[in-house]
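Here's a quick tour for anyone meeting this structure for the first time. Have a look at the sequence and the model, then read on.

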Amino acid sequence: MQKKQSEEDYRQEMLKSQQGLASDQESQPEEELSLEEAFGQIEEVISRLEAEEITLEQSFQEYNRGMKLLQYCNEKIDRVEKKVLQISEDGGLDEF
């Protein structure tokens with residue numbers, strides 16, 4: 001009985017998540033996410049992937065979302081690194 005309830009809870013959570021992903025992607029492009037928000041979403045993706053009740057199709061969707069978030073984070077970090085290289089106390093280019 002408990003397992004059936006947890007499976008139903010999981011299905012409802014996944015449905016909300018999928019609906020939320022669609023609305024989040026429309027209302028807030030990834031470029032507007034801070035790194036902290038993106039990392040938080042990656043942690044949520046990992047939690048959903050680790051769930052035993054996830055279907056193959058759901059895990060594929062979550063994996064793709066996680067990879068897009070990781071790519072976004074890499075690009076954002078690269079932009080920050082380039083800015084740090086451009087800005088230095090004496091006006092020269094210094095690595096950090």
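What follows is a short briefing, grouped by topic.

This is a predicted model, where local features need pLDDT of at least 70 and side-chain atom pairs count only at pLDDT 80 or more, while totals for chains, interfaces and linings use all residues. Residues are numbered from 1 along each chain as its sequence is written, and side-chain values use heavy atoms, with hydrogens and water left out.

**Overall layout**
- The protein chain has three helices and zero strands, running α-α-α from the N terminus; helices (H or I, at least four residues) and strands (E, at least two) are DSSP runs, numbered from the N terminus.
- Of its 96 residues, 23% count as buried (under 20% relative accessible area, with exposed meaning over 50% and partly exposed in between; 1.4 Å probe, protein chains only).

- The chain averages a pLDDT of 77, and 58% of the residues score at least 70; pLDDT is the predictor's confidence in each residue, from 0 to 100.
- Confidence is highest in α2, at 96, and lowest in helix α1 (residues 2-27), at a mean of 53.
- Over residues 21-29, pLDDT stays under 50, and the model has seven contacts there beyond four places in sequence (a contact means heavy atoms within 4.5 Å).
- Where pLDDT is low, the predicted coordinates should not be read in detail.

**Helix α2**
- α2 has 16 residues and reaches 22 Å from first C-alpha to last, close to the 22 Å expected at 1.5 Å a residue (the expected span is 1.5 Å times one less than the number of residues).
- Its buried residues are Leu35, Ala38, Gln41, Ile42, Val45 and Arg48.
- Down the axis of α2, those buried residues fall within an arc of 140 degrees, so they line one face of the helix (the arc is that of the directions from the helix axis to the C-beta atoms).
- Turned away from that buried side are the exposed residues Glu36, Glu43 and Glu50.

**Helix α3 and the salt bridge**
- α3 has 31 residues and spans 45 Å from its first C-alpha to its last; its buried residues include Gln58, Glu62, Leu69 and Tyr72.
- A search of the whole structure turns up one salt bridge (a side-chain nitrogen of Lys or Arg within 4 Å of a carboxyl oxygen of Asp or Glu).
- That salt bridge joins the side chains of Arg48 and Glu62, at 3.0 Å, N to O.
- Arg48 sits in α2 (residues 35-50) and Glu62 in α3 (residues 56-86), 14 residues apart, so the pair links distant parts of the chain.
- Both Arg48 and Glu62 are buried.
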